[in-house]
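Subject: Structure handover

Hello,

Below is the structure I am passing on to you, followed by notes on what was found in it. Please keep the structure open while you read.

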Amino acid sequence: MKNLIVALYDRFIRDALKFLVVGGAGFVIDAGVFNLMRVGATGHGHFFQGPIGAKIVSVAVATIVTWVGNRYWTFREHRRQNYLLEFVEFTAISLAGLGLNLLCLWVSHYLLGFTSLLADNISGTLIGTVLAMVFRFVLYRYWVYGHYRKDGLTAVKDREARAATAAIYESESDASHDRFATGSLPVVGDAD
C-alpha cells in the first residue's frame with residue numbers, strides 16, 4: 001500500500017498540487033486584471049474597459065503566466081524544445097477549458113433558468129472552474145507535456161542516454177546483451 005501511495009504521489013499528486021498552485025496564481029491574476037480593467041485603470045471609454053474586452057486581456061495575461069509556471073515548474077521535466085508549438089497547444093487547451101466554464105454558466109443561466117448571481121457563481125465559477133481544471137490538467141499532462149513527445153526534454157535525454165550507451169559498445173546487440181546479462185530491462189522504444 002505504501003508503494004502505491006508513493007507511486008501515485010510521484011506520478012500524479014505532485015504534479016496536481018503544483019498545477020493547483022500555478023492555476024491559483026492564474027486565477028488571481030485573471031480576476032485582478034479583469035477588475036482593474038473594468039474600473040478604468042487603463043483609461044475610460046474604450047473596448048477593453050467593457051466586460052468582454054477586459055476578459056480577453058485578463059485571460060491572455062493569465063494564460064501566459066500559467067504557461068510559464070507550468071512549463072518551468074509543474075511539468076519542467078517534460079517541457080518541449082519547440083516552445084512556440086507548446087504555447088499554441090497550451091493556449092488551445094486553455095481556451096477549450098474556458099469554453100467548458102462558459103458552457104456550465106450558459107446551461108445554468110439560459111437553459112435551466114437559474115438566473116440569480118449566486119446561481120451564476122455556482123455554475124460558472126465553482127462547477128465550471130472545477131470541470132475546466134480537471135480537463136486542462138489531464139490534457140496538459142498527457143498531451144502538451146506528454147513524456148512521449150519527440151521534442152520533450154525527457155525524450156531528448158532518453159535519446160542521449162541511448163547514444164551514450166551505444167558509444168560504449170561496439171554494436172547495439174552488444175549493448176542489449178549486456179543489459180540482459182546484468183538484469184536491467186530495455187526502455188520502451190529501445191528497438192528504434
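Ser58 is buried, with a relative accessible area of 0%; buried means under 20% relative accessible area, exposed over 50%, and partly exposed in between (1.4 Å probe, protein chains only). Ser58 sits in helix α2, which covers residues 51-74. Helices (H or I, at least four residues) and strands (E, at least two) are DSSP runs, numbered from the N terminus. The side chain of Ser58 reaches the backbone oxygen of Lys55 at 3.2 Å. Beyond its neighbours within four places in sequence, Ser58 is in contact (heavy atoms within 4.5 Å) with Asp30, Val33 and Phe34.

**How to read the values**

This is a predicted model in which local features need pLDDT of at least 70 and side-chain atom pairs count only at pLDDT 80 or more, while totals for chains, interfaces and linings use all residues. Residues are numbered from 1 along each chain as its sequence is written, and side-chain values use heavy atoms, with hydrogens and water left out.

**Overall make-up**

The protein has 6 helices and 0 strands. From the N terminus on, the elements run α-α-α-α-α-α. Of its 192 residues, 30% count as buried. Among contacts with a separation of 6 or more, 63% are between residues 24 or more positions apart.

**Helix α1**

Helix α1 runs over residues 2-38, 37 residues in total. At 1.5 Å a residue it should span 54 Å, and its end C-alpha atoms are 50 Å apart, which agrees. The expected span here is 1.5 Å times one less than the number of residues in the helix.

Where does α1 bend by about 50 degrees? The bend is at Tyr9, taken as the angle between axes fitted to the seven residues ending there and the seven starting there.

The buried residues of α1 include Asp15, Phe19, Val22, Gly26, Asp30 and Val33. The buried residues of this helix pack against α2 and α4, the latter being residues 117-144.

Val28 and Ala62 are 34 residues apart in sequence and 8.5 Å apart in space, C-alpha to C-alpha. Just after α1, Gly40 takes a positive phi of about 95 degrees.

**Helix α3 and Ser108**

The 29 residues of α3 should span 42 Å at 1.5 Å a residue; the end C-alpha atoms of α3 are 40 Å apart, which agrees. Its buried residues include Glu86, Glu89, Phe90, Ile93, Asn101 and Ser108. The buried residues of α3 pack against α2 and α4.

Ser108 has a relative accessible area of 7%, so it counts as buried. A polar contact of 3.4 Å joins the side chains of Ser108 and Ser123. A polar contact is a pair of N or O atoms within 3.5 Å; within protein, one must be able to donate a hydrogen and the other to accept it, and residues adjacent in sequence count only if both atoms are side-chain atoms. Leaving aside neighbours within four places in sequence, Ser108 is in contact with Gly113, Phe114, Ala119 and Ser123.

**Trp143 in helix α4**

Trp143 is found in helix α4. At 33% relative accessibility, Trp143 counts as partly exposed. Not counting residues up to four places away in sequence, Trp143 touches Glu89, Ile93, Val138, Tyr148 and Arg149. Trp143 and Ile93 are 50 residues apart in sequence and 9.7 Å apart in space, C-alpha to C-alpha.

**The largest pocket**

About 1,100 Å³ of space lies in the largest pocket. The elements that give two or more residues to its lining are α1, α2, α3 (83-111) and α4. The lining has 36 residues, of which Phe27, Asp30, Lys55, Leu98 and Asn101 lie nearest the centre of the pocket. The largest share of the lining, 11 residues, comes from α1.

On a 1 Å grid over the protein atoms alone, a pocket is an open set of points where a 1.4 Å probe fits, with protein on both sides within 12 Å along at least five of seven lines; lining residues have an atom within 4 Å of a point. Grid points are joined across faces, edges and corners, and the volume is the space filled by probe spheres set on the points.

Regards
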